Amino acid sequence: MLDFDNLVDVMGDLDEDAMIEILEGVMEDGGSEAEKAMEACQKGMEKVGSLFEEGEYFVGDLIYAGELMTQAVEILTPALVGSESAGPKTKMILCTVKDDLHDIGKNIVRSMLEAAGFDVVDLGIDVAPEKVVEVAKEQNIKIVALSGVLTLALDSMKETVDAIRAAGLDCKIIIGGAPVSPEACAAMGADEWAHSPQKTINVCKEWAAEA
Amino acid sequence: MNAKELKAERVRLFRDAANFKKTERIPHFANVVTWKVFDAGHTLDEAMTNFDVMEECVLHFLDKYPIDGILDVGIRNQFNVTEAFGEGGYYYYDKEVIGIHDHAHCTPETLLEYLDDPIKYAWEVILPKKYGESWEKKDKAIWKNTFKEYMAYIKFILHMAKVMDRYGLPGLSPNNPMKGAVVPAVEIMMSDLLGLQQFSVAMRRSPELLDTFIQRWEVERMEPIYQKIRDAKGPNYKYCFDSSILMLAHNMMNKKQFERFYWPYLKKLLDVYAENKMNIRIFTEGSVLRLAEYFKDYPKGLLTFHIEQDDPFEFREALPNVAIMGGMTTDLLSNGTPEECVAYAKRLCDELGKDGGFIFSENKMVSYRNDARSENMLAVNEFVRDYRI
């Protein structure tokens, strides 16, 4: 009998060995309960997010949590791919905006978004507004998350927001990273802003539920 | 007052402020790097590879904003040397941006190999990895040209040191007590050897390997530094501080990790400076306030924190024994009006500097065009220079 509550705790505690042992146990029968295991991992990541908010975990722990989640997905993927009941995921764009190369924060957010069930189209770093518009159009994306660390990124975020609006795309846009603020968000016409990955995830979840 | 006297006066001003002595005015240390290039009407690609343009930018800044000290006089990130050798994909720059890609030179398993012989490791592992196939093709002409550019760079550094003397600007701290800066083991592991990602994972996955590296670093690199500090027998009054260190790696660490990998060794370093009545400036990126408890028992005069994301007023409340450098936010310098900037600068000086313990500076390295508006920089510089508490 698989103990999924334990898997939640193990993920939350960032116990890599125990996580692998449980997931390999899940895959022993071909992964009939892989979806439940994935849900438990996602709940574990929520616990990681809460512990970060409480100050128990710090940035390095989020990076490590991302590594563990990637491993979990790799182990469970063979079973999840074949699952008929796996529902459609909300697809969204994530990128670091033009002229900014920082990717640590973006990658943490990507791991947590994926753990929360999003299908993240990660466009990488130093991404031009036209590229965001092009992909959003092509893939009919409704949520865009723009990341940046430099003050210069605020200009690029504004250009990206303007380009999305000018293209007439019906997208919700969240901006994140050190230089963003409520004022910057309002000035550039984005829908939300965040300094923490947890807020980004919560906002995107709300938007996905509304869609 | 001639330049020499001005420099001595500024050293005294910085040291008194750091030592919580009330000063006749608050010193202004410009935490300004490449922003001065834009302010002088140039772009990065013009200035970063041309010493004449860079000097013009520095002089423009020093003439326009008469500050008491400055972080950089145009000698950081000089690309002529690396470009002469053949750029290895580690950075790029254009008119507005310098970007440096995060690369890992070691794995946790090869950390000790680096420590055994850093030069051999650089030659056999780091450089071939960085330059790939072109490493084998570095011929005599390339080496010769690189050396030529390197010598030109050294000449520029020496020239700019004279410029600082001409303007009566003191050095922040000596590079000694060892050749080079004092670097705690975790900082070199994170910034130079493993990179952010690998360092974060290694703290969880292979902590014993990090412990071993730290122990050896302490014995082989830090113990001689401690001895040099003891031998110095007191402060070096040629400089504003006896030492400067960077604190970056704490940004990756939770408290348990900080207590295991960082604090015991940082404490040892701080204790040696305290025993010898010297002072130390700690430049922090991110927030350090969550770690305030570790620094609260040190005497006034030992520590000056150059803070970045922490609120300076909260910082003073949490650590009344620690002098503050910084405070002026680039948010305000870039988005506020001159009046708003001056009002905030006045609050900083009044509340943090009335009994000493405050050095006015920008909270972030002012680098990009949008980090500050010229009229705001001008207004706060003029205010701080003229203001008397």
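A salt bridge here is a side-chain nitrogen of Lys or Arg within 4 Å of a carboxyl oxygen of Asp or Glu. This is a predicted model, in which local features need pLDDT of at least 70 and side-chain atom pairs count only at pLDDT 80 or more, while totals for chains, interfaces and linings use all residues. Residues are numbered from 1 along each chain as its sequence is written, chains are lettered from A and ligands numbered from 1 in the order in which they are written, and side-chain values use heavy atoms, with hydrogens and water left out.

**View 1. The salt bridge between the two domains of chain A.** One salt bridge is found across the interface of domain 1 and domain 2 of chain A. Glu46(A) and Lys205(A) form a salt bridge through their side chains, at 3.1 Å from N to O. Domain 1 covers 4-81 and domain 2 covers 91-210 of chain A; domain bounds come from an automatic or database domain assignment. Two residue pairs across this interface are in polar contact, both residues at pLDDT 80 or more. A polar contact is a pair of N or O atoms within 3.5 Å; within protein, one must be able to donate a hydrogen and the other to accept it, and residues adjacent in sequence count only if both atoms are side-chain atoms.

**View 2. The domain 1 side of the same interface.** The area buried between domain 1 and domain 2 of chain A is about 870 Å², with 71% of it from carbon and sulfur atoms. Buried area is the accessible area (1.4 Å probe) that two parts lose on being put together, summed over both. In domain 1 of chain A, the residues that lose the most area to domain 2 are Gln42(A), Met45(A) and Leu62(A), together 38% of what that side buries.

**View 3. Contact between chain B and chain A.** Chain B gives 24 residues to the contact and chain A gives 22 residues, where contact means heavy atoms within 4.5 Å. About 2100 Å² is buried between the two chains, 56% of it on carbon and sulfur atoms. Three salt bridges are counted between chain B and chain A. In the one between Asp61(A) and Arg204(B), the closest N and O atoms are 2.8 Å apart.

View 4. Helices (H or I, at least four residues) and strands (E, at least two) are DSSP runs, numbered from the N terminus. At the start of H1(A), a side-chain oxygen of Asp3(A) comes within 3.2 Å of the backbone nitrogen of Asp5(A). Buried residues of H1(A) include Phe4(A), Leu7(A), Val8(A) and Met11(A); buried means under 20% relative accessible area, exposed over 50%, partly exposed in between (1.4 Å probe, protein chains only). Leu14(A) lies in the loop between helix H1 (4-12) and helix H2 (16-26) of chain A. Its phi is near 55°, a positive value in a residue other than glycine. Leu14(A) is buried, with a relative accessible area of 5%.

**View 5. Phe20(B) in a loop of chain B.** Most residues other than glycine have a negative phi. Phe20(B), not a glycine, has a positive phi of about 60°. The loop that holds Phe20(B) runs between helix H1 (3-18) and strand E1 (28-30) of chain B. Phe20(B) is buried, at a relative accessible area of 13%.
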